Amino acid sequence: MRPADKDRRTERRRPARGEVVFLIEEPVPQRFGGQLMNISKSGFRAAHQLAELQSGMDLDYTHAYGSGRARVMWTTIISGRIESGFLKL
């Protein structure tokens with residue numbers, strides 16, 4: 001295994017399901033939904049349909065496990081499926 005392939009996560013991820021609602025305030029307020037995939041103490045991963053999400057964007061979120069503010073850490077599109085990782089702020 002190459003060093004770049006090694007999983008460097010330090011927190012355990014737990015599978016999670018359910019809807020997550022996001023609100024982006026800039027450049028124009030926009031509300032959109034997604035589906036939780038997993039959660040950890042400091043963040044979560046969700047599938048959604050907003051390909052414009054970029055690393056570093058901050059947004060508000062609400063899901064069954066909590067609500068608050070989060071930062072987009074990464075977004076990937078694989079076979080038409082959009083997923084992002086979020087760090088709770």
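The model is predicted. The chain has zero helices and seven strands, in the order β-β-β-β-β-β-β from the N terminus. Buried residues make up 31% of its 89 residues. A search of the whole structure finds four salt bridges.

**Whole chain**

- The exposed surface comes to about 6200 Å², and carbon and sulfur atoms supply 49% of that area.
- Of the contacts with a separation of 6 or more, 44% are between residues 24 or more positions apart.

**Pairing around β3**

- Strand β1 (residues 14-15) runs antiparallel to strand β3 (residues 30-39), with two bridges joining them; Arg-14 stands opposite Ile-39 in β3.
- Strand β2 is joined to β3 by six bridges, again in the antiparallel sense, and Glu-19 has Gln-35 in β3 as its bridge partner.
- Five residues lie between β2 and β3 in the hairpin that these strands form.
- Five bridges pair β3 with strand β4 (residues 43-48) in the antiparallel sense, and Leu-36 stands opposite Ala-46 in β4.
- The hairpin of β3 and β4 has three residues between the strands.

**Pairing around β5**

- Strand β2 (residues 19-24) also pairs with β5, antiparallel and over four bridges; the bridge partner of Val-20 in β5 is His-63.
- Strand β6 (residues 66-78) runs antiparallel to β5, and six bridges join the two.
- A hairpin of two residues connects β5 to β6.
- Side chains alternate along β5 (residues 58-63): Leu-59, Tyr-61 and His-63 point to one face and are buried.

- Arg-71 counts as partly exposed at 30% relative accessibility, and Asp-58 counts as partly exposed at 28%.
- The side chains of Asp-60 and Arg-69 form a salt bridge of 3.1 Å, N to O.
- Asp-60 is partly exposed, with a relative accessible area of 23%; Arg-69 is partly exposed, with 31%.

**Glu-83 and its surroundings**

- Glu-83 is in strand β7 (residues 81-88).
- The side chains of Arg-45 and Glu-83 meet in a salt bridge (3.0 Å, N to O).
- That pair links distant parts of the chain, with Arg-45 in strand β4 and Glu-83 in strand β7, 38 residues apart.
- Glu-83 has 13% relative accessibility and therefore counts as buried, the cut-off being under 20%.
- Arg-45, at 25% relative accessibility, counts as partly exposed.
- Arg-45, Arg-81 and Glu-83 are linked in a network of salt bridges.
- Leaving aside residues up to four places away in sequence, Glu-83 touches Met-37, Arg-45, Ala-46, Ala-47, His-48, Trp-74, Thr-75 and Thr-76.
- Among these contacts of Glu-83 is Ala-46, the residue of β4 that stands opposite Leu-36.

Key. Residues numbered from 1 in each chain as written. Predicted model: local features only at pLDDT ≥ 70, side-chain atom pairs only at ≥ 80, totals over all residues. Heavy atoms only, no water. Buried < 20%, exposed > 50% of the residue type's maximum accessible area, 1.4 Å probe, protein only. Contact = heavy atoms within 4.5 Å. Pairing = 2+ DSSP bridges. Areas by Shrake-Rupley, 256 points an atom, 1.4 Å probe, with all protein chains shown as cover.
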